[in-house]
Amino acid sequence: MLPASIRPDGQLRLIIFDCDGVLIDSEGPSCRMLARELRKVGLEISDEDAVGRFAGKALTALKEELQDQAGLELDQDWPTQMQHALVELMRSEAETIEGSAAMLREIRELRIPYRIGSNSSKMEMDAKFGRTGLDSLISPDCIHSARDMGKPKPDPAVYLSAAHAEGVAPENCLVLEDTETGAGAARAAGMACVLLRPLDLPATSWPGLLRVGHLTEFTALVKRILRSQGHAA
């Protein structure tokens with residue numbers, strides 16, 4: 001059965017946004033920075049390949065992958081070192097995904113609560129939102145970090161934490177994600193998910209997963225869901 005958030009006989013009560021690739025265009029700068037650092041310790045990888053390989057992955061999981069698959073010897077605190085470097089990078093280079101600020105304003109006008117659930121640390125998200133001005137649209141107590149919880153996606157903990165904080169059942173939540181990892185976390189949480197990805201690119205498919213090709217299409221999708229549930233949207 002489809003989650004209640006997208007069923008005509010259900011109710012959409014909370015939207016949870018991923019951060020990177022959905023609201024903030026940080027994947028490119030972040031992955032290129034990681035590539036530069038990893039080339040210093042012997043990994044042969046281009047900036048372009050790094051984006052495809054590293055995007056959406058938690059630093060702890062990435063460290064384990066690099067050690068297991070590439071045979072790299074990384075410091076035990078490598079994730080922390082990279083986290084500090086990413087925070088500084090985002091303070092100067094973070095940019096919004098085109099249309100993200102307008103979309104948040106539109107969702108606010110629909111009076112649907114929203115929260116953020118990301119693999120980024122709270123410190124990193126504060127830097128990103130402060131740099132881009134999205135901090136005016138996102139309450140600090142509505143930001144949830146899987147990294148700070150020690151349970152990165154695809155673990156559903158960060159999404160379940162956001163739902164619990166809002167007092168909403170998981171089945172009444174809708175997640176907007178741009179990666180398979182994040183969509184898997186939403187599915188594991190029992191939530192519906194919208195995958196933001198060009199429609200000509202392949203993607204997983206499961207009941208409760210919807211797709212939009214551009215961020216500007218998201219509000220219209222939410223309005224259709226609300227109208228199907230009997231709300232004036």
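Helix H3 (residues 59-70) packs against helix H4 (residues 78-93) at an angle of about 130°, the two axes lying 9 Å apart; helices (H or I, at least four residues) and strands (E, at least two) are DSSP runs, numbered from the N terminus. Axes are lines fitted to C-alpha atoms, for helices over the stretch in contact, and angles run from 0 to 180 degrees between N-to-C directions. H3 is therefore oblique to H4, given that angles under 35 degrees count as roughly parallel, over 145 as roughly antiparallel, 65 to 115 as roughly perpendicular and the rest as oblique. The crossing of H3 and H4 is right-handed; a crossing is left-handed if the near helix is turned anticlockwise from the far one by less than a right angle, and right-handed if clockwise. In this pair, Leu59, Thr60, Leu62, Lys63 and Leu66 of H3 meet Trp78, Pro79, Met82, Gln83 and Leu86 of H4, contact being defined as heavy atoms within 4.5 Å. The model is predicted, with local features requiring pLDDT of at least 70 and side-chain atom pairs counted only at pLDDT 80 or more, while totals for chains, interfaces and linings use all residues. Residues are numbered from 1 along each chain as its sequence is written, and side-chain values use heavy atoms, with hydrogens and water left out.

H4 also packs against helix H1 (residues 27-39), at an angle of about 135° and with the axes 10 Å apart. This angle makes H1 oblique to H4, and the crossing of H1 and H4 is right-handed. On the H1 side the contact is made by Pro29, Ser30, Met33, Leu34, Glu37 and Leu38, and on the H4 side by Trp78, Met82, Ala85, Leu86, Leu89, Met90 and Glu93.

In helix H5 (residues 100-109), the buried residues are Ser100, Met103, Leu104 and Ile107; buried means under 20% relative accessible area, exposed over 50% and partly exposed in between (1.4 Å probe, protein chains only). These residues lie on the same side of H5, because they cover an arc of only 100° around the axis, the arc being that of the directions from the helix axis to the C-beta atoms. An α-helix has 3.6 residues a turn, so residues three or four places apart point the same way. The cover over the buried residues of H5 includes strand E1 (14-17), strand E2 (114-118) and helix H10 (218-228).

Two backbone features were noted in loops. Arg111, in the loop between H5 and E2, has a positive phi near 60° although the residue is not glycine, and is exposed at 74% relative accessibility. A cis peptide bond, with omega of about 20°, joins Lys153 and Pro154; Pro154 is found in the loop between helix H7 (146-149) and helix H8 (157-166). Most residues other than glycine have a negative phi, and most peptide bonds are trans.

Ser118 lies in strand E2 and is buried, with a relative accessible area of 1%. Leaving aside neighbours within four places in sequence, the contacts of Ser118 are Asp18, Cys19, Asp20, Met125, His144, Ser145, Ala146, Arg147, Lys153 and Val158.

The disulfide count, taking pairs of cysteine sulfur atoms within 2.5 Å, is zero. The sulfur of Cys19 is 13 Å from the closest cysteine sulfur, in Cys31, which is too far for a bond, and Cys19 is buried at 0% relative accessibility. For Cys173, the closest cysteine sulfur is that of Cys193, at 12 Å and likewise too far for a bond; Cys173 is buried, with a relative accessible area of 0%.
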